[in-house]
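Please walk me through this protein model, from the charged side chains to the overall fold.

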Amino acid sequence: VHADGHRLNGVLHSAGVIEDAFLLRKNAEGFARVIAPKTLGTWHLDEETRAEPLDLFVLFSSVAGALGNVGQCDYAYANAFQDAFAHARDARGLAGERN
């Protein structure tokens, strides 16, 4: 973006993966595939844009993070992570550490 002479105004993060199955039928690899886009994606986008004067940083979470959903414990976890991260990032913004 900067190399082309543009400014980054905001981030919209809407990545997500669903692999429905009951917890007892989930394996570690499948769990990781589901949580990575939301958890690692969120973390890396924040890190890479920490010095940017952003107008917005939007995370598309799901109500599954608060209410859960049958067969989606991993997806619910990933969304709950995003919700908590958004609150923490807002606090960092108030402290002048993020825009």
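**A network of charged side chains**

Asp-46, Glu-47, Arg-50, Arg-89, Arg-92, Glu-97 and Arg-98 are linked in a network of salt bridges, a salt bridge being a side-chain nitrogen of Lys or Arg within 4 Å of a carboxyl oxygen of Asp or Glu. The model is a predicted one, in which local features need pLDDT of at least 70 and side-chain atom pairs count only at pLDDT 80 or more, while totals for chains, interfaces and linings use all residues. Residues are numbered from 1 along each chain as its sequence is written, and side-chain values use heavy atoms, with hydrogens and water left out.

By the salt-bridge rule the count comes to 8.

Arg-98 is buried at 8%, whereas Glu-47 is partly exposed at 26% and Arg-50 is partly exposed at 45%. Arg-92, at 32%, is partly exposed, and Glu-97, at 43%, is partly exposed as well.

Which charged residue is buried yet has no salt bridge? This is Lys-38, for which the nearest side chain of opposite charge, Asp-83, is 8.3 Å away; in this assignment Lys and Arg count as positive and Asp and Glu as negative, while His and the chain ends are not counted. Lys-38 is placed in helix α1, which spans residues 28-48. Its side chain is joined to that of Gln-82 by a polar contact of 3.3 Å, that is, a pair of N or O atoms within 3.5 Å in which, within protein, one must be able to donate a hydrogen and the other to accept it, and residues adjacent in sequence count only if both atoms are side-chain atoms. A polar atom of the Lys-38 side chain also lies 3.4 Å from the backbone oxygen of Ala-15. Ala-15 itself sits in the loop between β1 (10-13) and α1, and at 31% relative accessibility it counts as partly exposed.

The largest nonpolar core has 5 residues, namely Val-11, Leu-54, Phe-57, Leu-59 and Phe-85, where a nonpolar core is a set of buried Ala, Val, Leu, Ile, Met, Phe, Trp, Tyr and Cys residues joined through side-chain atoms within 4.5 Å. Leaving aside residues up to four places away in sequence, Leu-59 touches His-13, Thr-42, Gln-82, Phe-85 and Ala-86, contact meaning heavy atoms within 4.5 Å.

As a whole, the protein comprises 3 helices and 2 strands, which follow the pattern β-α-β-α-α along the sequence. Of its 99 residues, 28% are buried.

Note on methods: Helix = DSSP H or I, 4+ residues; strand = E, 2+ residues; numbered from the N terminus. Buried < 20%, exposed > 50% of the residue type's maximum accessible area, 1.4 Å probe, protein only.
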